[in-house]
Amino acid sequence: MLLVEFYAPARQLHVDMALVPRQDRVVCRGITYLSTMGGHDAGTSHQFTGLAKYFNAYTITGRRNCVLLTYASIATIALFFKLKPKKEKAVKAS
Amino acid sequence: MMLSFFDQFMSPTYMGIPLIALAITLPWILYPTPTSRWINNRLLTLQGWSINRLSQQIFLPINQGGHKWAVLLTSLMIFLITLNMLGLLPYTFTPTTQLSLNMAFAVPLWLATVIIGMRNQPTAALGHLLPEGTPTPLIPVLIIIETISLFIRPLALGVRLTANLTAGHLLIQLIATAAFVLLPLMPTVAILTATVLFLLTLLEVAVAMIQAYVFVLLLSLYLQENV
């Protein structure tokens with residue numbers, strides 16, 4: 001069984017190829033990691049599925065998309081409040 | 001005329017002519033110009049060697065594309081070091097105590113590094129705004145924090161240089177005034193104060209050089225991220 005630390009992004013996974021089974025699957029929190037040991041794979045390739053393929057904090061394109069999505073969300077919220085019609089306050093009779 | 005402690009930071013004018021232009025031009029006059037001779041004299045050789053070593057030191061971690069900035073950053077460092085060191089002489093004006101001058105250096109150069117990054121490698125430049133491996137709930141927060149950190153960089157660059165130089169000059173003037181006032185009253189304490197002043201002056205010489213180096217080093221780091 002290959003133990004994978006979910007929040008250890010800065011470290012490369014160095015694995016002794018001779019001791020690890022050919023294929024090992026680790027499922028963590030809805031994101032599926034398929035680590036194929038042995039052969040030419042260095043052990044750090046993450047194959048994301050679904051939405052995580054485009055929005056994740058590991059690949060450079062995933063990070064870029066997260067940044068763009070955040071900026072777009074902020075711009076949308078700002079635009080929403082700017083274009084929101086202001087209700088006229090009823091003038092109270094003195 | 002009685003001077004206040006902050007008069008040394010006022011931009012000098014003479015009959016309406018701003019003398020800061022003269023103060024900024026002075027480092028250019030002080031350094032010898034390289035000649036077209038094959039072998040120059042000792043001073044020029046030493047100058048060339050030190051500029052070469054300085055450039056190598058700064059640009060060692062930077063890619064080939066960033067080496068175009070070598071002339072700009074090296075000349076900026078020599079300029080800042082000279083201005084800072086000349087400002088330590090008595091009764092001189094230090095242009096780098098002016099926030100406007102330091103911001104005029106920091107903002108365009110920082111902006112140039114950002115534009116270069118966005119133009120040449122937009123994916124990497126945007127991707128660096130999110131640290132690798134961030135937990136999903138923290139992603140939006142960290143992006144906002146990194147964006148703020150990005151925009152604060154030029155401000156930090158300019159204010160760091162201004163504050164260090166201004167604080168140092170002010171301390172020198174305060175302690176020098178204290179030593180001068182105490183001399184007829186308590187000579188022993190005045191000698192101790194003068195010793196502290198001497199040590200502080202040595203510190204300010206170091207700060208003058210280090211702050212100029214840090215300014216240029218940080219700019220080279222920003223360039224390294226984007227090139």
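A residue is called buried when its relative accessible area is under 20%, exposed when it is over 50%, and partly exposed in between, using a 1.4 Å probe and protein chains only. This is a predicted model, in which local features need pLDDT of at least 70 and side-chain atom pairs count only at pLDDT 80 or more, while totals for chains, interfaces and linings use all residues. Residues are numbered from 1 along each chain as its sequence is written, and chains are lettered from A in the order in which they are written.

**Positive phi in chain B**

- Met15(B), a residue other than glycine, has a positive phi near 55 degrees, and Met15(B) is exposed, with a relative accessible area of 73%.
- Tyr91(B), also not a glycine, has a positive phi near 60 degrees, and Tyr91(B) is exposed at a relative accessible area of 83%.

**The interface of chain B and chain A**

- Counting heavy atoms within 4.5 Å as contact, the interface takes 17 residues from chain B and 14 residues from chain A.
- The buried area, meaning the accessible area (1.4 Å probe) that two parts lose on being put together, summed over both, is about 1400 Å² between chain B and chain A, and carbon and sulfur atoms give 72% of that area.
- Thr123(B), Leu126(B) and Glu132(B) supply 36% of the area that chain B buries against chain A, which is more than any other three residues.

Notes
Heavy atoms only, no water.
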